[in-house]
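Q: Please show me how to read this structure, one feature at a time.

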Amino acid sequence: MILVTGGAGFIGANFVLGWLAEHDEAVVNVDKLTYAGNLGTLDALRADPRHQFVKADIADAAILQNLLVKYRPRAVLHFAAESHVDRSLHGPADFVQTNLVGTFALLEAARAYWVRLKGAEQENFRFLHISTDEVYGSLAPDAPPFCETTPYAPNSPYAATKAGSDHLVRAYHHSYGLPVLTTHCSNNYGPYQFPEKLIPLIISHALAGKPLPVYGDGKQVRDWLYVADHCAALRAVLARGCSGQTYNIGGWNEKTNLEVVHTLCALLDRLRPKSSGSYRDQVTFVQDRPGHDRRYAINASKIERELGWRPAHTFETGLEETVRWYLDHSDWVHQIISGDYLKWLETQYAQRA
Ligand code: NAD
Ligand code: DAU
């Protein structure tokens with residue numbers, strides 16, 4: 001079996017659902033269920049004996065060690081993190097705790113387990129660390145996209161803690177021989193994304209008739225990757241990646257935030273027209289994010305060349321599928337929107353007005 005951390009969050013849950021749709025290999029899913037974790041996303045697996053959910057904090061090394069000894073996974077896939085840049089600006093402590101201290105505790109538990117494995121079991125074990133392109137910092141408009149050798153230059157507390165966790169993972173390979181794989185992906189989008197992030201936030205605000213907040217001039221660029229494509233890339237890295245290597249995963253889809261917002265409005269105008277006017281009328285420019293990175297873009301040639309992975313979705317197909325999914329699953333969005341989230345929206349957007 002495999003052990004996944006953060007499998008009740010956006011990418012982790014998509015990974016677990018996709019994995020069990022394709023494999024019979026069981027999954028132990030360890031998640032603390034923070035505001036971003038949601039068991040409802042995993043409803044389809046409630047009675048599935050191949051899925052074992054454990055509510056636990058990755059910073060609790062003793063629990064992790066027990067789980068590793070009990071389930072004897074052949075791999076750990078580490079998704080769990082505090083993941084929202086704006087929240088890291090408001091409160092970086094949780095990011096240091098989970099992304100750095102938590103990853104350290106998980107690495108210690110994995111090392112203690114791995115050194116006791118024997119022969120092929122030890123040789124074939126993998127620790128797959130899911131990182132981000134944000135560790136590379138911000139690109140100038142004409143600069144080449146990030147590749148695996150781009151120097152680190154994290155700009156937000158979130159990116160700095162992810163960069164620190166990457167360095168720990170690298171050091172556990174270099175110093176102790178732990179067989180690790182690290183991936184850096186660009187901005188994911190698709191089903192089950194918490195509505196604090198740009199794409200689901202714009203969809204839910206549009207439908208609620210609320211302002212669509214665009215930070216600064218809206219000309220910041222992100223490279224959008226459909227989550228199912230990302231999960232397929234992770235399966236390829238786990239199956240065929242070389243221990244100690246890093247792989248960049250991107251969608252070859254650079255778009256400005258304004259392009260994304262306008263495309264979402266056009267899709268909603270077609271799929272759920274308003275009684276009058278366009279959703280574009282709700283676009284509102286608000287104060288920029290402090291230290292806002294201007295451009296991210298991934299050069300995903302290495303993973304294509306070495307592992308044969310390329311994204312299957314274009315931005316147009318992926319975004320339309322995503323909008324249709326949110327229109328069909330308004331119950332999922334309502335179920336996860338809590339009082340705390342409404343309080344977050346109030347604090348975050350009142351300050352930017
Ligand atoms: P998410 O915020 O949607 O989910 C994170 C999950 O981790 C939640 O289920 C949460 O409950 C769990 N978690 C948080 N702290 C924990 C702890 N201490 N112990 C156990 N579980 C804990 O995040 P996501 O968007 O699914 O991102 C998953 C991973 O991918 C993260 O490591 C993130 O840095 C990375 N990443 C995300 C994106 C993106 O666009 N979403 C892009 C690049 C990299
Ligand atoms: O690049 C990978 C990263 O992508 C991941 O490591 C992070 O975990 C993930 O959250 C994401 O970070 P971003 O900051 O790029 O994503 P977010 O959806 O928060 O914002 C995308 C862009 O849209 C960014 O330039 C900020 C802007 N934005 C965001 C929000 C929430 C707005 O203009 N308005 C908004 O209300």
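A: Start at a ligand. The side chain of Arg222 has an N or O atom 2.9 Å from an oxygen atom of ligand 2. That is a polar contact (a pair of N or O atoms within 3.5 Å; within protein, one must be able to donate a hydrogen and the other to accept it, and residues adjacent in sequence count only if both atoms are side-chain atoms). The protein covers 95% of the 690 Å² of accessible area that ligand 2 has on its own. Accessible areas come from the Shrake-Rupley method with a 1.4 Å probe, and for residues only the protein chains shown count as cover.

Q: What kind of model is this, and how are its parts labelled?
A: The model is predicted: local features need pLDDT of at least 70, side-chain atom pairs count only at pLDDT 80 or more, and totals for chains, interfaces and linings use all residues. Residues are numbered from 1 along each chain as its sequence is written, chains are lettered from A and ligands numbered from 1 in the order in which they are written, and side-chain values use heavy atoms, with hydrogens and water left out.

Q: Which residues come nearest to ligand 2?
A: A residue is near a molecule or strand if one of its heavy atoms lies within 4 Å of it. Ligand 2 has 22 residues around it, and Thr132, Asp133, Tyr158, Arg289 and Tyr349 come nearest. Thr132 places a polar side-chain atom 2.7 Å from an oxygen atom of ligand 2. Leu198 uses its backbone instead: an N or O atom there lies 2.8 Å from an oxygen atom of the ligand.

Q: Which elements supply at least two residues each of the shell around ligand 2?
A: Helices (H or I, at least four residues) and strands (E, at least two) are DSSP runs, numbered from the N terminus. Here the suppliers are α7 (198-207) and β8 (212-215). The largest share is three residues, from β8. By class, the shell holds nine nonpolar, seven polar and six charged residues. Ala, Val, Leu, Ile, Met, Phe, Trp, Tyr, Cys and Pro count as nonpolar, Asp, Glu, Lys and Arg as charged, and the others, Gly among them, as polar.

Q: Are Glu22 and Arg235 buried or exposed?
A: Buried means under 20% relative accessible area, exposed over 50%, partly exposed in between (1.4 Å probe, protein chains only). Glu22 is exposed, at 54%. Arg235 is buried, at 17%.

Q: Which distant parts of the chain does the pair of Arg50 and Asp24 link?
A: The side chains of Arg50 and Asp24 meet in a salt bridge at 3.1 Å, N to O. Arg50 is in the loop between β2 (27-31) and β3 (51-55), and Asp24 is in the loop between α1 and β2, 26 residues apart. Asp24 is exposed, with a relative accessible area of 66%.

Q: What about Asp57, which salt bridge does it form?
A: Asp57 pairs with Lys32, the closest N and O atoms being 3.5 Å apart. Asp57 sits in the loop between β3 and α2 (61-71), and Lys32 in the loop between β2 and β3, 25 residues apart. Asp57 is partly exposed at 24%. Lys32 is partly exposed at 39%.

Q: How many disulfides does a search of the whole structure find?
A: A disulfide is a pair of cysteine sulfur atoms within 2.5 Å. The search finds zero. Cys147 is in none; its nearest cysteine sulfur, that of Cys185, is 16 Å away. Cys147 is partly exposed, at 26% relative accessible area. Cys265 is buried, at 1%.

Conventions
A salt bridge is a side-chain nitrogen of Lys or Arg within 4 Å of a carboxyl oxygen of Asp or Glu.
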